[in-house]
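Open the model in your viewer and keep the selection tool at hand. We will go stop by stop.

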Amino acid sequence: MKILVAVKRVIDYNVQIRVKEDGSGVNTDNVKMSTNPPDDNAIEEAVKLKETGKVKEIVAVTIGEEKAQETVRKALAVGADRGIHVKSESYVEPLGVAKILKKIVEKEKPDLVFLGKQAIDDDCNQTGQMLAALLSWPQGTFASKIELKDKVIEVTREVDEGLETIEINLPAIITCDLRLNEPRFASLPNIMKAKKKLIEQLSAKDFDIDIENRIQLIKVEEPPKRKGGIKVSSVAELVGKLKNEAKVI
Amino acid sequence: MSILLISEHDNSNLKVFTLNAITAASKIDQEINVLVAGNKCESVAKEVAAIPLVKKVLYCDSPNYENYLAENLTPLIIKLSEPYTHIIASANTFGKNFMPRVAALLDVSQISDVIKINSSEEFLRPIYAGNAFATIKSNDKKKCITIRPTSFDPAPASGGSAPVEKIDVVDVPNISKFIKREETKSERPELGTARIVISGGRGMQSGENFKLINSIADKLNAAVGASRAAVDAGYIGNDHQVGQTGKVVVPDLYIAVGISGAIQHLAGMKESKVIVAINKDGEAPIFSIADYGLEADLFEALPEFLDELNKLNTIQK
């Protein structure tokens, strides 16, 4: 069995982002970048399945600028076998990403594709579902537990009401929640080994598909700031303020 | 212009977030048709028909739609989509699951998590966990949109009498199967719509200690929330999580207890009208957005809080 894992390079989740003064976007110069957090869960889950012997090969793929390769290299250090980097200097919308991934899937023929459920930069939460639709595959979104069976996979999904379990046919798309597992750190020897693993270089232009963006960014601005509050010195004062000043209880 | 709005329900009752999505839709155009797809859900179709803003109900009844599996629901929406300019659903785990599937098959870029409608093609949406707002314009002919429900008031639910049109079932691909849903039943209000929310974080130290939060929640008729740290630590179920990857809440009063205020958590609650933070670390980032901050040990403050509430003659419900 073969798993394709899609990873994305984003601003590190601990960085307080800064909106550019001209409103054209968010400042990414000299900002720490990392793998999108739930994409780490996607890689981890694939590696765990490989360790059980059920999976023979893991291929990590990313789409993005030159440095996006770092996310693939990290996936290789954690346990992916080889990588694919589809180079694109400009932002590709989830629909375009899904179209590129479809081409990769048609070539690689994986049994499963794992992705993070949402990227923490554009917060779209679309790519996995779109890829599933384009391939006519079933999807297990927001997965917090998976169990690979013969020809099907059971997926426990985090939904608003609690947890939902579905069973979907293979091949399938899984989008991973942060609670799916605890991503491991790559060991130094594995980081060294990963440097020798192959990353195939492709360009978004190589695919004969329409990935032109449909959504025009008009402006990016800071959200309205909350005005500073006060510190209260006791619980009694707090309850008094809530009752008589804020009038919310 | 005309709108196809996908309703969310449990086959007997409409879920309230559909009403919020209807309000958002009405800011685009008044021609709102609502799809009610489910199993033995005629009562829901009637409920939707009574919403004054709804012009027509499209009612499709089949066991295929009982658990709104995305693989089954999508072909139906695609078939119905032809005459509509906008397809809308709530940006919760219901809408997030199937809408991108619909958008991809229609070859349009979805607009996720809209918090403001500027025009029929221009929208405001949060990015980077709400640390930036993006104004975007969609150039697609047909627009697939998910609405952040808490950013819009619910539409009035009664007084209307829209016609109900029966829709034929569409073939389903038979590639997915529903097994079970584990819902946490609670007497308390729902997190997404509660007037007051009290949340606990890692500072609670155990699931057992959440009883301190629960007793205050009962007193205030509040919903109980939690930070991701508390959910990950197993103190409380995932359906309580507030934040970037959990629920977004906008209550009148949000009380954060033992929550430091990571960006991911703030994304889910910082639009609340009044925010209270109780934390023993005076430098915790949560204080920077709190209207009222109390620097105290929560294990002393919470019992005292309950005592003070008990002293009050009246408490708003």
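**Before you click.** This is a predicted model, in which local features need pLDDT of at least 70 and side-chain atom pairs count only at pLDDT 80 or more, while totals for chains, interfaces and linings use all residues. Residues are numbered from 1 along each chain as its sequence is written, and chains are lettered from A and ligands numbered from 1 in the order in which they are written.

**Stop 1: chain A.** Select chain A. Its C-alpha trace spans about 65 × 45 × 40 Å along the principal axes. Chain A holds six helices and 13 strands. Both are DSSP runs numbered from the N terminus: helices are H or I with at least four residues, strands are E with at least two. How many of its 249 residues count as buried? The share is 49%. A residue is buried if 20 or more other C-beta atoms lie within 10 Å of its own, exposed if 12 or fewer, and partly exposed in between, with C-beta atoms placed from the backbone.

**Stop 2: the sheet.** Now show both chains as cartoons. Ten strands form an open sheet with mixed pairing, in the order β11(A)-β5(A)-β4(A)-β1(A)-β6(A)-β10(A)-β7(A)-β8(A)-β9(A)-β11(B). Two strands pair if DSSP finds at least two bridges between them. Select β11 (199–203) of chain A and β11 (176–183) of chain B. These stand at the edges with a single partner strand each, so one side of each has no neighbour in the sheet. From one strand to the next, the twist averages 30°.

Stop 3: Pick residues 152–159 and 162–169 of chain A. These are β8(A) and β9(A), which run antiparallel and are joined by eight bridges. Find Val152(A): opposite it in β9(A) stands Asn169(A). Next select residues 127–135 of chain A. This is helix α4, which packs on the sheet and touches β6, β7 and β10 of chain A. Its direction makes about 80° with that of β7(A). Such angles run from 0 to 180 degrees between N-to-C directions, and axes are lines fitted to C-alpha atoms, for helices over the stretch in contact.

**Stop 4: where the chains meet.** Here 74 residues of chain B are in contact with 65 residues of chain A. Contact means that the C-beta atoms of two residues, placed from the backbone, lie within 7 Å. Select β13(A), residues 230–232, and β16(B), residues 292–295. They pair in the parallel sense over three bridges. Ile230(A) has Tyr292(B) as its bridge partner, and Lys231(A) has Gly293(B).

**Stop 5: two helices of chain B.** Select α5(B), residues 210–220, and α8(B), residues 298–311. At what angle do they pack? It is about 20°, with the axes 9 Å apart. That makes α5(B) roughly parallel to α8(B). Angles under 35 degrees count as roughly parallel, over 145 as roughly antiparallel, 65 to 115 as roughly perpendicular and the rest as oblique. Finally, show side chains: among the residues that meet are Leu212(B) and Ile216(B) in α5(B), and Leu302(B) and Phe305(B) in α8(B).
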